[in-house]
Amino acid sequence: MAYYQLIALLALAALILSWIFYPVIYRFAQKHKIVDNPNQRKLQKHPVPLLGGYAIALAMIMPIIVSALTLDWTRWYIPVVFIIFALIIGLLDDIYELSARMRFGVEIILVGLYMWLSHSMIENIHGLWGIEHMSLWIALPLSIVAGVGIINSINLIDGIDGYSSGFGILGCSLFGIFFISIREWALASFMLIVAAAIVPFFCYNVFSKKKKMFIGDGGTLMIGAIMTVAIFHILSPNSISTEFVQKGMGLVAFCLAVVCIPVFDTVRVMCERILRKTSPFTADKTHLHHLFLEHKFSHLQTTLCILCINLLIVGIWYICYRLGANVDIQLYIVVGLGILSTFGLSRYLRRKNKHQSL
């Protein structure tokens, strides 16, 4: 059987299993009262079960086992363990509501352990600014900041129906397509299995009124960990992706483009909190999706708008790459678009919302 057919079948199996597991996990969460209760900063008006991430995780198990038995998974057991631990940390947070500082500290330790055990980190920026390998003293803190930052940026966009899960589908699909293009079949199958397993949750989360379930911190931390694994591998000096560097592809620009909106919006929100002399971990309603909601967009409209903007950034990056822009220019374009679509768009929406309220 061709690799493409196998990956397609595994993704289809994950999608079907996710449809099957969703109502089971929904009933379990209701029975044990593992729910997200409404408060002044949350949008729902009644308790909602929040174990959606575990329906996704259960649906992934069997396809991943089949993939591991048929493809070369010798290097990917440690990343899978890392993702499982991220899921467990999220479960503890869902049940016991860990403080932001405690969760942040645990994530630093978890990312550090993953780097140590897997020997994987951002230590090669593939010719960006004429630099190839970086010293350990730079690569180590940079990788921890990037890994923890990605995980938390995905966690922080989980404020409206469909956004974090929709981004999980988009990001995992883009990384899956990239890994197919470099014939990294094991990682490609993993990414597309994850993307397919998220689809049923997305549909329930957005469209269901009686069986709505939130993805929970377990789900968002799992998706963030998966993105971190993908990016660390792409930027590893041992990755086959280096063959694209010789063709002028900016791998750093590509990775940043995929996670552009969550990362830049998180940076924007934290900078604004610091300027207001409040803790950057203080929860508020200043994220981009909150501003869309204030502008009378529905949850689905907001999700689709933001995901389309993120996909547009990836598309513009790809066009620049195909037109021959060097790796530095590719990165500057992605950074510029990220700033424009978060800092700029948030400023525009605030002005519009202010005029509407007058």
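Predicted model: local features only at pLDDT ≥ 70, side-chain atom pairs only at ≥ 80, totals over all residues.

Trainee: At what angle do H1 and H7 pack, and how far apart are their axes?
Mentor: Helix H1, which covers residues 3-31, packs against helix H7, residues 185-207, at an angle of about 30°, and their axes are 8 Å apart. Because angles under 35 degrees count as roughly parallel, H1 is described as roughly parallel to H7.

Trainee: Is the crossing of H1 and H7 left-handed or right-handed?
Mentor: The crossing of these two helices, H1 and H7, is right-handed.

Trainee: Which residues in H1 and H7 meet?
Mentor: From H1 the contact involves Tyr3, Tyr4, Ile7, Leu10, Ala11, Ala14, Leu15, Ser18, Trp19 and Tyr22. On the H7 side they meet a set of residues including Trp185, Ala188, Ser189, Leu192, Phe201 and Tyr204. Sorted by class, the contact of H1 with H7 has 20 nonpolar residues and two polar ones, with no charged residues.

Trainee: What lines the largest cavity?
Mentor: Its lining is made up of Ile125, His126, Leu128, Gly250, Leu251, Val252, Ala253, Val327 and Leu331. Two helices, H10 (251-258) and H14 (327-357), each supply at least two residues of that lining, and H10 gives the largest share, with three residues.

Trainee: And by class, what does the lining of the largest cavity have?
Mentor: The lining of the largest cavity has seven nonpolar and two polar residues, while no charged residues take part.

Trainee: What about the second largest cavity, what volume does it have?
Mentor: The second largest cavity has a volume of about 30 Å³, and the residues lining it are Trp73, Trp76, Pro79, Val80, Ile83, Leu187, Phe190 and Val229.

Trainee: Which helices each supply at least two residues of the lining of that second largest cavity?
Mentor: They are H3, residues 77-96, and H7, the helix that also packs against H1. The largest share of the lining of the second largest cavity, three residues, comes from H3.

Trainee: How many polar or charged residues are in the lining of the second largest cavity?
Mentor: By class, that lining has eight nonpolar residues, with no polar and no charged ones.

Key: Residues numbered from 1 in each chain as written. Heavy atoms only, no water. Axes fitted to C-alpha atoms, helices over the stretch in contact; angles between N-to-C directions. Helix = DSSP H or I, 4+ residues; strand = E, 2+ residues; numbered from the N terminus. Parallel < 35°, antiparallel > 145°, perpendicular 65-115°, else oblique. Left-handed = near helix turned anticlockwise from the far one by under 90°. Contact = heavy atoms within 4.5 Å. Nonpolar A, V, L, I, M, F, W, Y, C, P; charged D, E, K, R; others polar. 1 Å grid on protein atoms, 1.4 Å probe; cavity = no way out; pocket = protein on both sides within 12 Å on 5 of 7 lines; lining within 4 Å. Points joined across faces, edges and corners; volume = space filled by probe spheres on them.
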